[in-house]
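Subject: Structure handover

Hello,

Here is the structure I said I would pass on. My notes on it follow below.

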Amino acid sequence: MRIIPAIFALALGAIPAAAQQRPDPAAADPAIKAAFPTAPADWAPRLTGDDTMQQCSVSRNSPSKEVAEAIQKRELASIAYPPDNNFMGDWKKGEALAQSGYGLRFTDYPARQANGGNCYACHQLTKKEVSYGTLGPSLSEYGKLRDFKPEAVKAAYEKIYNSHAAFPCSTMPRFGANKVLTVEQIKDAVALLMSPESPVNTGQ
Amino acid sequence: MRLLILLVAMAAFALAPRAVAQDAETEKAIEKYRAMLREDPWSNPGFLDVDRGEALWTTAAGPKKATMEQCDLGKGPGKVDGAFAELPRYFADADRVMDVETRLLWCMEKLQGISAADYVKRPHPGGGQPVKDLGAMATYVAAKSAGQKFAAPLGHAKERETVALGETLFYRRSGPFDFACATCHANSGLRIRLQGLPYLAEKKEASKVIGEWPAYRVSTTHVMTMQHRMFDCYWQMRMPELQLGSDASVALIAFLTKQADGGEIAAPGLKR
């Protein structure tokens, strides 16, 4: 359980400690606005990033303790929970969305299918899928290592919905908070991680 | 003949379904291909565009029916040898810092009368299409600095400001996935799926890979330029279309080139 924060801290430590006087990221706003002249009006929020992203950008993902706590509080408040408090969906659908990198590129409109979570881009999950990335920690046997505990199921849901609620300035997308995935899709991804029948836990 | 066989083989890779095992097989096959290239560097199809770019440089074009031979890439009008090694740089006539593509486009407008505003609407080739004329000339210019080391000037305040802006942008997180360049390129030895990711925040790895652009890309069967590479990264980051020649695009290229300072230019390179 402690290994994930440890890896995260390690990753942060690898970022060179640059000079304290970093330019204000907001100073780049005009250049960004001018660089994307074809952006539709409703894409404006994509260009600037919200308060959390601005804090993570300026600190290069190493926020001070105070900022980290503020981020955690803010992002935790963004999480919408399933009304029935059932956090697990269908692991098979979860595996499908873990494979899919579709969605939200400017060539993905109008949408031709549901957005994917693209989990395999960064994480190892099932044994069978050998084409996995290493930007994130391995999630192999994720549920088994947590004894399939109900609180771990809820924690997995929260991490996928908004990773910053657990790890401020995590590099993982906020799949729920940024509306990349629906609540139902996140439940499917949770099942892939936490269901005892999921190949992530059966070693297949 | 050998080139033809290689091209057919590469087209087969590009058309192959992107299944798991095949990804690994493809990587192996490309590594084999790279080994063959080391034996005979001239078999890189990117050299076809180097030649095309050289021909375009001396061919009258545009409303003014002029060639590019009076284009000043920083070392004086018409001086191509070694010019790429000192780009991006500040140009007094345009009063801004420019990378090779931005400068070539500026020359196309000034010398040939081609509308830059029109050109940037579709400046990059689709999959399977050859690199556009601007990109072919950029490939030619870059190849004329092959073997030299990156030494972009920082004497002008605007050059330093541009590199600083590029560094800010490298770490700037935005878009629905909260990505920055640094999300994928601020650590060593990591990969997306099976694709290795260069550690561009570190000079050692940056100086190894930045000099390989423009590069022939096996997966899309054309030369991809550095501006196109930036455009493609922002596409993956779920950002809008990055405009060729925009200050942000030049700044990122200036920052990456500074990261690669002293690294050897090996354009055109060969990429997956």
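Chain A has 10 helices and 0 strands, so its pattern along the sequence is simply α-α-α-α-α-α-α-α-α-α. Please keep in mind that this is a predicted model. The predictor gives the complex an ipTM of 0.89, and the pTM is 0.89.

Of the 204 residues in chain A, 42% are buried. Taking the contacts in chain A between residues at least 6 apart in sequence, 61% join residues at least 24 apart.

Helix 6 and helix 9 of chain A

Helix 6 of chain A covers residues 91-99, and helix 9 of chain A covers residues 183-194. Their axes come within 7 Å and cross at roughly 100°. Angles from 65 to 115 degrees count as roughly perpendicular, and therefore helix 6 of chain A is roughly perpendicular to helix 9 of chain A. On the helix 6 side, the contact is made by A:Trp91, A:Lys93, A:Gly94, A:Glu95, A:Leu97 and A:Ala98. Helix 9 of chain A brings A:Gln185, A:Asp188, A:Ala189, A:Ala191 and A:Leu192. By class, the residues of this contact are 6 nonpolar, 2 polar and 3 charged.

The buried residues of helix 6 of chain A are A:Trp91, A:Gly94, A:Glu95, A:Leu97 and A:Ala98. Helix 9 of chain A is included in what covers them. On spacing in general, an α-helix has 3.6 residues a turn, so residues three or four places apart point the same way.

A:Pro82 sits in the loop between helix 5 (65-76) and helix 6 of chain A. A residue needs 20 or more C-beta neighbours within 10 Å to be buried and is exposed at 12 or fewer; A:Pro82 has 15 inside 10 Å, so it counts as partly exposed. Apart from neighbours within four places in sequence, A:Pro82 is in contact with A:Phe87, A:Val183 and A:Lys187. A:Ser170 is 88 residues from A:Pro82 along the chain, and the C-alpha atoms of the two are separated by 23 Å.

Where the chains meet

Between the chains, 42 residues of chain A are in contact with 37 residues of chain B. On the side of chain A that touches chain B, the elements giving two or more residues are helix 1 (3-14), helix 2 (29-35), helix 3 (44-48) and helix 4 (51-58) of chain A. Helix 2 of chain A gives the most, with 4 residues. That side of chain A has 28 nonpolar, 9 polar and 5 charged residues.

Chain B

Chain B is divided into domain 1 (1-43) and domain 2 (44-271). The C-alpha centres of these two domains of chain B lie 25 Å apart.

In helix 6 of chain B (residues 133-143), 10 of the 11 residues are buried. Among them are B:Leu134, B:Met137, B:Tyr140 and B:Val141. The buried residues of helix 6 of chain B pack against helix 3 (46-57), helix 4 (100-112), helix 5 (116-119), strand 6 (222-224) and helix 10 (226-236) of chain B.

Chain B averages a pLDDT of 91, with 90% of the residues scoring at least 70. Over residues 1-20 of chain B, however, pLDDT stays under 50, and the model has 21 contacts beyond four places in sequence for that stretch. Where pLDDT is low, the predicted coordinates should not be read in detail.

Regards

Methods:
Residues are numbered from 1 along each chain as its sequence is written. Chains are lettered from A and ligands numbered from 1 in the order in which they are written. This is a predicted model: local features need pLDDT of at least 70, side-chain atom pairs count only at pLDDT 80 or more; totals for chains, interfaces and linings use all residues. Domain bounds come from an automatic or database domain assignment. pLDDT is the predictor's confidence in each residue, from 0 to 100. Two residues are in contact if their C-beta atoms, placed from the backbone, lie within 7 Å. Axes are lines fitted to C-alpha atoms, for helices over the stretch in contact, and angles run from 0 to 180 degrees between N-to-C directions. Angles under 35 degrees count as roughly parallel, over 145 as roughly antiparallel, 65 to 115 as roughly perpendicular and the rest as oblique. Ala, Val, Leu, Ile, Met, Phe, Trp, Tyr, Cys and Pro count as nonpolar, Asp, Glu, Lys and Arg as charged, and the others, Gly among them, as polar.
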